[in-house]
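This briefing is intended for a reader meeting the structure for the first time. Please keep the sequence and the 3D view at hand while reading.

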Amino acid sequence: MDTVPERRPTEAYDLAAAVVALSRRDVPRVTLLAALDQARTSLRREPHRDVRRTLTWVVGAVERGESADACVDAALRVAARDLGRPPSAGYAR
């Protein structure tokens, strides 16, 4: 019996966007670290290579303290757009 809940198609995106929002609200560090951990765990299961690559960069930018950068917002828009496309032929888990 599988005890892992079913994964939503936008789970990694939702968690990465939440990490960005939390970092911009200056939440306690422990809260941000927990959100980063959840996002990284979800990214490991993201089947869409382009989305995974973009969101991994977004999460890394937050870890480096660059969450206020306009590039982060642009990367989130790119990931959202890519979620609407089928994965590229060479995608890998």
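Helix α1 passes helix α2 in a left-handed crossing; a crossing is left-handed if the near helix is turned anticlockwise from the far one by less than a right angle, and right-handed if clockwise. The model is predicted: local features need pLDDT of at least 70 and side-chain atom pairs count only at pLDDT 80 or more, while totals for chains, interfaces and linings use all residues. Residues are numbered from 1 along each chain as its sequence is written, and side-chain values use heavy atoms, with hydrogens and water left out.

**Packing of α1 with α2**

- The axes of α1 and α2 come within 9 Å and cross at roughly 160°; axes are lines fitted to C-alpha atoms, for helices over the stretch in contact, and angles run from 0 to 180 degrees between N-to-C directions.
- The two helices, α1 and α2, are therefore roughly antiparallel to each other (angles under 35 degrees count as roughly parallel, over 145 as roughly antiparallel, 65 to 115 as roughly perpendicular and the rest as oblique).
- On the α1 side, Glu11, Ala12, Leu15, Ala16, Val19, Leu22 and Ser23 meet Leu32, Ala35, Leu36, Gln38, Ala39, Ser42 and Leu43 of α2, where contact means heavy atoms within 4.5 Å.
- Sorted by class, the contact of α1 with α2 has ten nonpolar, three polar and one charged residues; Ala, Val, Leu, Ile, Met, Phe, Trp, Tyr, Cys and Pro count as nonpolar, Asp, Glu, Lys and Arg as charged, and the others, Gly among them, as polar.

**Packing of α1 with α3**

- The axes of α1 and α3 come within 10 Å, with a crossing angle of roughly 20°.
- Helices α1 and α3 are therefore roughly parallel to each other.
- The crossing in which α1 passes α3 is left-handed.
- The contact is formed by Ala12, Tyr13, Ala16, Val19, Val20 and Ser23 from α1, together with Leu55, Val58, Val59 and Val62 from α3.
- The contact of α1 with α3 comprises nine nonpolar residues, one polar residue and no charged residues.

**Packing of α1 with α4**

- Helix α1 (residues 11–24) packs against helix α4 (residues 70–83) at an angle of about 165°, and their axes are 11 Å apart.
- Helices α1 and α4 are therefore roughly antiparallel to each other.
- The α1 and α4 crossing is left-handed.
- Tyr13, Ala17, Val20 and Arg24 of α1 make this contact with Val72, Asp73, Leu76, Ala79, Ala80 and Leu83 of α4.
- Eight nonpolar, no polar and two charged residues make up the contact of α1 with α4.

**The protein as a whole**

- The protein contains four helices and zero strands; helices (H or I, at least four residues) and strands (E, at least two) are DSSP runs, numbered from the N terminus.
- Read from the N terminus, its elements follow the order α-α-α-α.
- Of its 93 residues, 33% count as buried (buried means under 20% relative accessible area, exposed over 50%, partly exposed in between, with a 1.4 Å probe and protein chains only).
- The accessible surface of the protein comes to about 5,800 Å², and 56% of this belongs to carbon and sulfur atoms; accessible areas come from the Shrake-Rupley method with a 1.4 Å probe, and for residues only the protein chains shown count as cover.
- Among contacts between residues at least 6 apart in sequence, 65% join residues at least 24 apart.

**Individual residues**

- Asp26 lies in the loop between α1 and α2 (29–44), and its phi is near 55°, a positive value in a residue other than glycine.
- Asp26 is exposed, with a relative accessible area of 68%.
- Ala61 is found in helix α3 (residues 49–63) and is buried, with a relative accessible area of 0%.
- Leaving aside neighbours within four places in sequence, Ala61 is in contact with Glu66, Ser67 and Val72.
- From C-alpha to C-alpha, Ala61 and Val20 are 9.1 Å apart in space, and they are 41 residues apart in sequence.
- Ala21 belongs to helix α1 and counts as partly exposed, at 36% relative accessibility.
- Thr31 has its place in helix α2 and is partly exposed, with a relative accessible area of 33%.
- Thr31 and Val19 are twelve residues apart in sequence, and their C-alpha atoms are 9.5 Å apart in space.
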